[in-house]
Amino acid sequence: QVQLVESGGGLVQAGGSLRLSCAASGRTFNTYAMGWFRQAPGKEREFVAHINRSGTYTYYANSVKGRFTISRDNAKNTVYLQMNSLKSEDTAVYYCAASVTGTTQYDYWGPGTQVTVSS
């Protein structure tokens with residue numbers, strides 16, 4: 001089992017940047033594929049980005065492609081989400097998730113971190 005804790009959220013102006021971090025417990029972090037999701041008020045949770053176990057493969061939702069970058073440091077048991085050119089519609093609670101099977105079926109979730117983009 002793995003425990004996930006997100007950090008780095010906050011209030012930022014439109015056009016600004018934030019970097020989210022997700023720290024994982026345990027010693028098997030490199031066996032999990034990782035993902036970021038978000039949920040805006042009144043909306044369903046949506047996929048943002050995915051990274052494979054080694055960090056060599058990533059893919060993104062169309063809404064964030066070219067603005068967000070997912071990365072991981074397996075030595076630090078941490079996955080990151082660099083968010084640039086933020087827009088008001090990026091305002092949401094952001095969650096990281098871990099996949100035991102290395103696919104897009106996620107098994108563990110963090111509690112989330114709030115990102116608010118002011119226009």
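The legends below describe close-up views of one predicted model.

Local features in this predicted model need pLDDT of at least 70 and side-chain atom pairs count only at pLDDT 80 or more, whereas totals for chains, interfaces and linings use all residues. Residues are numbered from 1 along each chain as its sequence is written, and side-chain values use heavy atoms, with hydrogens and water left out.

**View 1. The disulfide between cysteine 22 and cysteine 96.**
A disulfide is a covalent bond between the sulfur atoms of two cysteines. Here a disulfide is assigned to a pair of cysteine sulfur atoms within 2.5 Å, and by this rule the count is one. The sulfur atoms of cysteine 22 and cysteine 96 are 1.9 Å apart. The torsion about their S-S bond is about 45°, so the disulfide is right-handed. Cysteine 22 belongs to strand E3 (residues 18-24) and cysteine 96 to strand E9 (residues 92-99), so the pair ties together parts that are 74 residues apart in sequence. Strands (E, at least two residues) are DSSP runs, numbered from the N terminus. Both cysteine 22 and cysteine 96 are buried, where buried means under 20% relative accessible area, exposed over 50%, and partly exposed in between (1.4 Å probe, protein chains only).

**View 2. An open sheet of four strands.**
The strands follow the order E1-E3-E8-E7, with antiparallel pairing; two strands pair if DSSP finds at least two bridges between them. At the edges are strand E1 (4-7) and strand E7 (68-73), each of which pairs on one side only. From one strand to the next, the twist averages 15°; axes are lines fitted to C-alpha atoms, and angles run from 0 to 180 degrees between N-to-C directions. Six bridges join E3 and strand E8 (residues 78-83) in the antiparallel sense. Valine 79 in E8 is the bridge partner of cysteine 22.

**View 3. Threonine 78 in strand E8.**
With a relative accessible area of 10%, threonine 78 is buried. A polar atom of its side chain lies 2.8 Å from the backbone oxygen of lysine 76. Contact means heavy atoms within 4.5 Å. Not counting residues up to four places away in sequence, threonine 78 touches residues including Ser21, Cys22, Phe29 and Asp73.

**View 4. The largest nonpolar core.**
A nonpolar core is a set of buried Ala, Val, Leu, Ile, Met, Phe, Trp, Tyr and Cys residues joined through side-chain atoms within 4.5 Å. The largest has 30 residues, and those with the most contacts inside it are Met34, Trp36, Leu81, Met83 and Tyr94. At least two residues of this core come from each of E3, strand E4 (33-39), strand E5 (46-51), E7, E8, E9 and strand E11 (113-118). Leaving aside neighbours within four places in sequence, leucine 81 is in contact with residues including Leu20, Trp36, Val48, Ile70 and Tyr94.

**View 5. Serine 88 and threonine 91 in the loop between E8 and E9.**
Serine 88 counts as partly exposed, at 37% relative accessibility. Its C-alpha atom is separated by 8.4 Å from that of glutamine 13, 75 residues apart along the chain. Not counting residues up to four places away in sequence, serine 88 touches Val117 and Ser119. The side chain of threonine 91 has a polar atom 3.0 Å from the backbone oxygen of serine 88. A polar atom of the threonine 91 side chain also lies 2.9 Å from the backbone nitrogen of valine 117.

Methods. A polar contact is a pair of N or O atoms within 3.5 Å; within protein, one must be able to donate a hydrogen and the other to accept it, and residues adjacent in sequence count only if both atoms are side-chain atoms.
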